[in-house]
Amino acid sequence: MTLTPPALRSARRIVFLVTGEEKAEAVAGVLAGLPDPAVPGSLIRAESGETLAILDRQAASRLRD
């Protein structure tokens with residue numbers, strides 16, 4: 001099954017599970033609010049619900065306090 005970005009954005013809750021240091025730069029950009037077509041997850045945020053990102057230490061390694 002394939003869902004389009006508009007279908008995903010209409011969800012009440014969107015959950016991303018991100019692991020690995022190779023995703024750290026993309027995670028930092030997405031959480032800074034920088035949409036990037038090369039990072040599809042950056043284009044998906046719940047319009048009227050909750051977007052949750054679950055990260056391991058490596059994926060979160062480029063985030064600042």
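With a relative accessibility of 44%, Ser 61 counts as partly exposed. The model is predicted. Ser 61 belongs to the segment that follows E2. Leaving aside residues up to four places away in sequence, Ser 61 touches Glu 21 and Ala 24. A polar atom of the Ser 61 side chain lies 2.9 Å from the backbone oxygen of Gln 58. The C-alpha atom of Ser 61 is separated by 13 Å from that of Leu 31, a residue 30 positions apart from Ser 61 along the chain.

The strands E1 and E2 run parallel and are joined by 6 bridges. Within this pairing, Phe 16 has Ala 53 in E2 as its bridge partner. Together with H2, the strands E1 and E2 make up a β-α-β unit, which is right-handed.

Side chains of opposite charge can pair when their charged atoms come close. The structure contains 3 salt bridges. One of them is formed by the side chains of Glu 47 and Arg 9, with an N to O distance of 3.7 Å. Glu 47 is exposed, at 61% relative accessibility, whereas Arg 9 is partly exposed, at 23%.

A salt bridge also connects the side chains of Glu 50 and Arg 13, with 2.7 Å from N to O. Because Glu 50 is in strand E2 and Arg 13 in strand E1 (residues 13-18), this pair ties together parts that are 37 residues apart in sequence. The relative accessible area of Arg 13 is 56%, and the residue is exposed; Glu 50, at 35% relative accessibility, counts as partly exposed.

A further salt bridge is found between Glu 25 and Arg 62, where the closest N and O atoms are 3.3 Å apart. This pair links distant parts of the chain, with Glu 25 in helix H2 and Arg 62 in the segment after E2, 37 residues apart. Glu 25 is exposed, its relative accessibility being 58%. The segment after E2 that holds Arg 62 is also where Ser 61 lies.

Conventions: Residues are numbered from 1 along each chain as its sequence is written. This is a predicted model: local features need pLDDT of at least 70, side-chain atom pairs count only at pLDDT 80 or more; totals for chains, interfaces and linings use all residues. Side-chain values use heavy atoms; hydrogens and water are left out. A salt bridge is a side-chain nitrogen of Lys or Arg within 4 Å of a carboxyl oxygen of Asp or Glu. Buried means under 20% relative accessible area, exposed over 50%, partly exposed in between (1.4 Å probe, protein chains only). Helices (H or I, at least four residues) and strands (E, at least two) are DSSP runs, numbered from the N terminus. Two strands pair if DSSP finds at least two bridges between them. A crossover is right-handed if, with the strands pointing away from the viewer, the path from the first strand over the helix to the second runs clockwise. Contact means heavy atoms within 4.5 Å. A polar contact is a pair of N or O atoms within 3.5 Å; within protein, one must be able to donate a hydrogen and the other to accept it, and residues adjacent in sequence count only if both atoms are side-chain atoms.
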